[in-house]
Amino acid sequence: MELFEAKNVDKIFAATQALTDVSISVKEQSIFGLLGPNGAGKTTLIRIINQITAPDSGEIFLNGKKMTRADISNIGYLPEERGLYKKMKIGDQAIYLAQLKGLSRKEASRNLKKWFEKFEIMSWWNKNIEELSKGMQQKVQFITTVVHKPKLLIFDEPFSGFDPINTNLIKQEILKLRDEGATVIFSTHNMGSVEELCDHIALINKSVKIEDGPTDEIREKYKSNIYEIRYRGDYNSVSRSLGQQYKIIGHTELKKENHLTVQYLNGNSNNDLLQALIPVSEILSFEEVIPSMNDVFIKAVEKSNKN
Amino acid sequence: MNKTLLILKQEYLKRVKKKSFIILTLLVPFLMAGMFALIIFLSLNNDKEERTIAVYDESTLFLGEFGNEGYTKYQFVPKEEFQELKGNLKGSEFYALLYIPENIYSANTAQLISEKQVPIELSEQIERKLSQFIENDKRRKVVAESGIPDLEEQLSHTKTRIQLNTLKISDSGEATKSSSVVAFIASYAMGFIIYFFVFMYGAMVMRSVMEEKKSRIIEVIISSVKPSQLMAGKIIGTALVGLTQVAIWIVLGVVSLLVVQNFFTPESAQQIGQSLMETQSQMNPAMAQAADQNKIMEVMEMIGNLNIPLILFCFVFYFLAGYLLYSSLLGAVGAAVDSDEDSQQMVLPVTFPLILSIMLLFPIARNPEGPVAFWASIIPFTSPVAMLARVPYGIPTWELLLSMFLLIITTIGAIAAAAKIYRIGLLMYGKKVNIKELIKWLRYKN
């Protein structure tokens with residue numbers, strides 16, 4: 001069941017086309033990755049979801065109903081460019097921000113204290129923001145994004161400024177939030193985290209959606225007949241045996257075994273490759289290389305730029 | 001809770017809790033009261049020092065005629081002692097030496113020799129004594145020579161001081177006493193107060209918007225509330241801070257007035273009155289004669305004749321409307337720029353009419369019916385200050401209504417325009433904004 005849907009969204013700023021006929025749909029209790037190069041239109045789409053700007057045409061739906069201003073209390077939004085009030089106690093501003101999202105003062109204070117204890121930052125409650133490092137501020141911002149238990153969470157580059165330990169902590173929390181029922185839209189340039197977290201992605205380039213689907217399927221789709229083989233044997237005889245049918249992409253010789261990466265050129269099958277290799281080597285393992293999100297991203301964007 | 005209310009409360013408490021606000025609010029009235037008390041204290045205790053002045057009268061005109069006055073005593077000394085004292089004033093009992101030369105009648109000068117700087121009151125006292133004596137002496141001679149028996153008396157009758165009582169005929173044909181002085185002071189003061197508050201609190205709104213934009217918290221905020229709610233909360237919250245400040249000042253003013261009244265007993269109050277009268281009579285005896293109790297009553301009556309309810313109503317109206325107009329514009333400026341330098345550049349064109357109106361305050365108060373006064377009080381951007389400066393003199397109803405109507409229309413328009421600039425500007429970074437750019441924003445659709 002879809003929690004969020006955007007249908008045929010267009011947005012133009014002065015002379016810049018920010019979004020062209022973009023549609024996405026986000027399943028309930030899933031993590032949706034919104035990817036794209038800088039300036040592709042991701043932030044504009046996110047701002048439209050948050051009702052900060054309105055689309056020129058197209059519609060957006062939450063829970064099957066057309067979204068209105070009132071729905072924003074069901075959204076938690078962590079923008080890419082974020083900050084906190086400089087001269088306000090951390091506890092006070094967290095409560096204020098939670099109240100703006102519709103929590104009562106009491107509720108806000110209770111929920112916040114739970115999160116502060118969970119992150120072991122209760123001692124910051126009465127500190128000023130200026131006393132905290134950037135990473136510490138990010139933690140507070142993360143909490144203020146999720147404290148009102150929104151159905152839809154939107155994170156724009158949530159890991160920037162975090163060390164690996166805290167990045168991992170936040171990743172775990174995002175997964176936990178999803179498992180507890182939240183739906184997450186997640187925009188990042190960190191492709192490793194997309195592979196780890198996202199159930200579904202959409203790729204936007206130059207205002208147009210160029211790719212959309214479950215993460216596994218997209219990666220499958222960008223496979224390019226590349227295989228990795230671990231074997232024991234002599235590399236020279238292996239490469240001679242492969243001949244002109246295969247393109248050797250990489251080769252490493254280790255003490256006990258060699259690694260070989262090859263690409264099929266003329267519609268060969270796996271059996272063809274094995275037949276070529278078996279006479280000259282002992283095969284230890286054989287598997288197809290699934291492209292990383294990083295490769296998918298680069299390939300998709302380059303392809304769309306060429307068109 | 002309503003979100004506008006929440007922002008309003010937040011803005012209000014943030015400012016009211018600030019140390020600088022508390023200090024300024026508490027300090028200003030105490031500073032004023034303290035200054036006032038100091039002046040009274042000084043005027044009471046200033047010249048209690050007993051001084052004896054040695055007088056050497058070479059002209060021999062004054063012998064025995066130089067009476068003691070206040071805490072100052074005069075003692076005539078012969079020439080030898082005078083010469084001796086001149087060399088050794090420090091060791092003597094005298095504070096200063098007064099040398100009256102032989103030719104004082106024609107030269108009109110005398111000398112006061114002292115070690116320390118002589119207080120102005122003392123030198124004025126001596127000057128007055130000398131002048132009065134010589135003037136009387138001259139007059140006596142003229143009277144004696146003229147041979148007219150009651151000339152002295154006739155001359156004293158020639159002393160004249162005309163007091164101009166201005167009457168104003170109101171619409172109902174009733175003449176009331178008005179005083180241009182009282183109205184002038186009232187109009188000047190109110191024009192200034194409006195200017196000061198609109199500027200100070202308008203700038204506060206602007207800084208508050210800029211702070212949110214610069215710290216980048218703005219995107220989170222406007223994903224929770226509408227920009228218009230945010231702006232409304234800010235503007236009203238800041239206005240309440242201003243009203244709180246004024247309210248505290250009024251309370252403190254009343255309290256400190258009571259304290260001052262209790263602190264100074266009736267006797268000391270009388271003393272102040274006397275010393276004030278004295279200085280006045282010293283300065284100009286003719287004026288002092290006119291400045292009797294009735295004068296004070298008259299001023300009170302003139303203040304009473306000002307249309308106080310109308311003035312108060314206009315004050316509140318023009319203060320609120322002027323503040324709304326300028327704070328919404330300044331708020332939009334705060335949203336449009338992202339550095340302090342840029343804001344400086346933008347603030348001047350926006351506040352220029354306000355500054356112009358304060359410069360026009362003097363010509364307006366001097367000639368409240370003139371064309372400058374008329375146009376300045378009708379044009380909405382200058383009318384909050386200019387109209388207030390005219391109201392104490394009385395104002396035709398149609399002019400007042402026209403001015404108010406135009407101001408309301410303009411304020412509504414300004415708020416709508418500001419809201420638009422605000423919404424666009426808040427998320428616009430790294431763009432150098434000028435007036436032309438802002439006008440372009442106004443043409444954008446949502």
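This is a predicted model: local features need pLDDT of at least 70, side-chain atom pairs count only at pLDDT 80 or more; totals for chains, interfaces and linings use all residues.
**Chain A, overall.** I began with the secondary structure of chain A and counted ten helices and 14 strands there. The C-alpha trace of chain A spans about 75 × 45 × 35 Å along its principal axes. I then looked up burial and found that, of the 307 residues in chain A, 36% are buried. For the contacts in chain A with a separation of 6 or more, I noted that 70% are between residues 24 or more positions apart.

**Helix H1 of chain A.** My next entry concerns helix H1 (residues 42-49) of chain A, where eight of the eight residues are buried, so this helix is largely enclosed by the rest of the structure. I listed the buried residues of H1(A) as A:Lys42, A:Thr43, A:Thr44, A:Leu45, A:Ile46, A:Arg47, A:Ile48 and A:Ile49. After H1(A) comes A:Gln51, for which I noted a positive phi, near 65°.

**Helix H1 of chain B.** I turned to helix H1 (residues 3-16) of chain B, which has 14 residues and reaches 20 Å from its first C-alpha to its last, close to the 20 Å expected at 1.5 Å a residue. In H1(B) I found B:Ile7, B:Leu8, B:Gln10, B:Glu11 and B:Arg15 to be buried. Looking down the axis of H1(B), I saw that its buried residues fall within an arc of 165°, so they line one face of the helix. An α-helix has 3.6 residues a turn, so residues three or four places apart point the same way.

**Where the chains touch.** I looked up the contacts between the chains and found 15 residues of chain B in contact with 18 residues of chain A. On the side of chain B that touches chain A, the elements that give two or more residues are H1 and helix H8 (218-222) of chain B. H8(B) gives the most to that side, with four residues. Sorting the side of chain B that touches chain A by class, I recorded six nonpolar, five polar and four charged residues.

**Nonpolar cores.** I found that the largest nonpolar core has 131 residues, and that those with the most contacts inside it are A:Ile154, A:Val184, A:Phe186, B:Ala336 and B:Leu388. Helix H13 (residues 308-336) of chain B gives the most to this core, with 14 residues. I followed up A:Val184, which, leaving aside its neighbours within four places in sequence, is in contact with A:Ile31, A:Phe32, A:Leu153, A:Phe155, A:Ile174, A:Leu177 and A:Arg178.

**Domains of chain B.** The domain assignment of chain B gives domain 1 (51-145) and domain 2 (179-261 + 304-443). Taken over C-alpha atoms, the centres of domain 1 of chain B and domain 2 of chain B are separated by 60 Å.

**B:Phe82.** My last entry is on B:Phe82, which lies in helix H3 (residues 79-87) of chain B. I counted 19 C-beta neighbours inside 10 Å of B:Phe82, and it therefore counts as partly exposed, since a buried residue needs 20 or more. Not counting residues up to four places away in sequence, B:Phe82 touches B:Ala54, B:Tyr56, B:Val77 and B:Leu97. Of these I checked B:Leu97, which is 15 residues from B:Phe82 in sequence and 7.7 Å from it in space, C-alpha to C-alpha.

Technical notes
Residues are numbered from 1 along each chain as its sequence is written. Chains are lettered from A and ligands numbered from 1 in the order in which they are written. The expected span of a helix is 1.5 Å times one less than its number of residues. A residue is buried if 20 or more other C-beta atoms lie within 10 Å of its own, exposed if 12 or fewer, and partly exposed in between; C-beta atoms are placed from the backbone. The arc is that of the directions from the helix axis to the C-beta atoms. Two residues are in contact if their C-beta atoms, placed from the backbone, lie within 7 Å. Ala, Val, Leu, Ile, Met, Phe, Trp, Tyr, Cys and Pro count as nonpolar, Asp, Glu, Lys and Arg as charged, and the others, Gly among them, as polar. Domain bounds come from an automatic or database domain assignment. A nonpolar core is a set of buried Ala, Val, Leu, Ile, Met, Phe, Trp, Tyr and Cys residues joined through C-beta atoms within 7 Å.
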